[in-house]
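Take a look at the model below. Then use this briefing to find your way around.

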Amino acid sequence: MRRFSFHACGNFKESYAQEITIFETDFGRFWLLAGLALLFGVLPFVGSPYFLYVCNMIGIAAIAALGLNILIGYTGLISLGHGAFFGVGAYAAAILATRLGLPFWVCVPAAGFMAALTGMVFGIPSGRLKGLYLTIATLAGQFIIEYLLVHWESLTQGTMGIVLPEATLFGLVIDGDRPFFYVIFTCLVLVTWMTKNIMRTRFGRAFIAIRDNDRAAEGMGIPIFPYKLLSFGISSFYAGFAGAIWAFYMISITSEPFTLGLSVEYIAMVIIGGLGSIPGAIFGAVFITGLNEILRWLTDIFMSMGMATGFGLNMASLRELAFGLAIVLFILFEPKGLAEIWRIVRSNFRLWPFSY
Amino acid sequence: MDFFIQLLVNGLSIGLLYGLSAMGFVMIFKSSSVLNFAHGELLAMGAFFFLVLTTWAGLPIYLAFLLTLAGSFVLGFAVERLFLRPLIGESLIFVIMLTVGLASIFKGILLFFFGGNLHTYPEFLPAGLGVQFGNVFIPPVYVASSFIGIVFLVLFGLFFKFSPQGIFMRSVADNQTAALSLGVHVKKVFALSWAIAAMVAGMSGIVLGVINGINVHEISAIGLKVFPVVILGGLDSIGGAIIGGIIIGLLETFTCGYISPSLRDVVPYAVLVCILLIKPYGLFGLAEIERV
């Protein structure tokens, strides 16, 4: 049996395989296992239903944010249409489940593929455009999809919305917060594992090369356009996948939530968490979802005190303000996001008491 | 036929409004290449500032108008100094998201003080300003807004053509490094262009408020309508913004009148995608965007 290593005592990498290794020490492996045991073994049993609901929302948001991070953080393409792709996933799942009666485990990946297809269609302009022109093209995509979701009534039932059947997996009915907690977080763990490994393959390296300098990447033989489309496809797949789970979790869906605001929220998660960082996307999802819930709770308190209702202090204004401030302050003072703060805290612990 | 002419007139006036709103946006992009997602909120800030001055403080109209312009000028200056300047040289996503965050902050502030309801200005335009052509009636607000729009367009044209600051701004837009090496104070130009753009936005906000009443959500939605307009006209052309605005305005009213009212809001974006695919630098923009 090989010896466990618990502390890296310097940078002694000799091969590329060592460079891209996930766990440098067994310490990391141990913490990961402990974290997973806590997540699956303890959390669902001690948390209240409301707490589990918040956790589930965080999990769903984290899946979508991980996808967006592949696009923005690793490939350097900005999409303002991810809220709409999330909606495409939700509607695809709902339509497949109600019209064709497909089971849960088929619907969710199929919805992901539908969203991936949509994302790739709106990624086509990236063949000719880059930077802010591409951003504006995805903005147009957001509005066009939003319009279709409301007005393509024969398919989406417009503002009426769709009620989904119960989700079943391996003959078990999934309903309520705890079963969904297991489904969502199993998916999140799988998706994180997948993302980490995509980034270690040639696809991930090609994405990063395109982000850093697209001309140099092309000069080195990376076909840029297919890789950009692939990046759009993968990230929209994640969004659609998250949207499909969300649809089953919410039971009934309407076209209301899939606005530009949702797209912006996902970008905010990626930025606040840390661009191009996998834990960052999850931190960002925790931060934004947590912020939303805290603000809702605060508003409830103000409302019940009855002092602020007349002054127009409602959820909307408080939420907009705090959300905007969070984005602006993070960009100005910690552009690398929560992932960087996490790294600093960790290295302080590791180097203590000589942390300079 | 009357229906057609009425639609034409409506489309032209709405289009002129879009053009006016887009003007400030183009100005910011032209000098500092910042894609300003907070433009709708800048419009709304101007509109609400004017509301406060006219109804709450009870100032006379012309004084309120001038004070609003001055206030917007200061606001634009402050925004550039506090938020945009630290980001010079940062990547596109940070700049875009910063303006998105600013949009949220402004919107939150406005919602906090004014709520999401519709407010209106006191009636101050003389009724005799309306024009009657046969069966077609042009309401006074449209006449006034067209007048203001044309006056400002001419003023800005002259400003950019002849004044030293205008020439500095054009030089920075043309080639930042060259302008810097010839002694143009580029940071001052950035600050000035934000200030002027906010001023134009404040003025457009007032005009929008006079026509439709002021509602935070509606005015900030106009800020997103600006994108098809400026892409159609060319991101760095002020004249293009007006022409693009008029084309989009006509397109909207004719779709609304002849095809379906619900299509109205999505047609500009469909056009936007087509333009981006065919002629990304727009009708009047400089054809130097980088192809991949």
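This is a predicted model: local features need pLDDT of at least 70, side-chain atom pairs count only at pLDDT 80 or more; totals for chains, interfaces and linings use all residues.

Residues are numbered from 1 along each chain as its sequence is written, chains are lettered from A and ligands numbered from 1 in the order in which they are written, and side-chain values use heavy atoms, with hydrogens and water left out.

**The interface**
- The size of an interface is often given as the accessible area lost when the parts come together.
- Chain A and chain B bury about 4200 Å² between them (accessible area, 1.4 Å probe, lost on being put together and summed over both).
- Carbon and sulfur atoms give 80% of that area.
- In chain A, R128(A), Y133(A) and I136(A) lose the most area to chain B, together 18% of what that side buries.
- Contact (heavy atoms within 4.5 Å) joins 46 residues of chain A to 43 residues of chain B.

**Polar links and make-up**
- There are zero salt bridges between chain A and chain B (a side-chain nitrogen of Lys or Arg within 4 Å of a carboxyl oxygen of Asp or Glu).
- The side of chain A that touches chain B has 32 nonpolar, eight polar and six charged residues.
- Here Ala, Val, Leu, Ile, Met, Phe, Trp, Tyr, Cys and Pro count as nonpolar, Asp, Glu, Lys and Arg as charged, and the others, Gly among them, as polar.

**A loop residue in chain A**
- I251(A) sits in the loop between α11 and β4 (252-253) of chain A.
- Helices (H or I, at least four residues) and strands (E, at least two) are DSSP runs, numbered from the N terminus.
- Phi of I251(A) is near 70°, a positive value in a residue other than glycine.

**Helices of chain B**
- I259(B) lies in helix α10 of chain B.

Conventions:
Buried area is the accessible area (1.4 Å probe) that two parts lose on being put together, summed over both.
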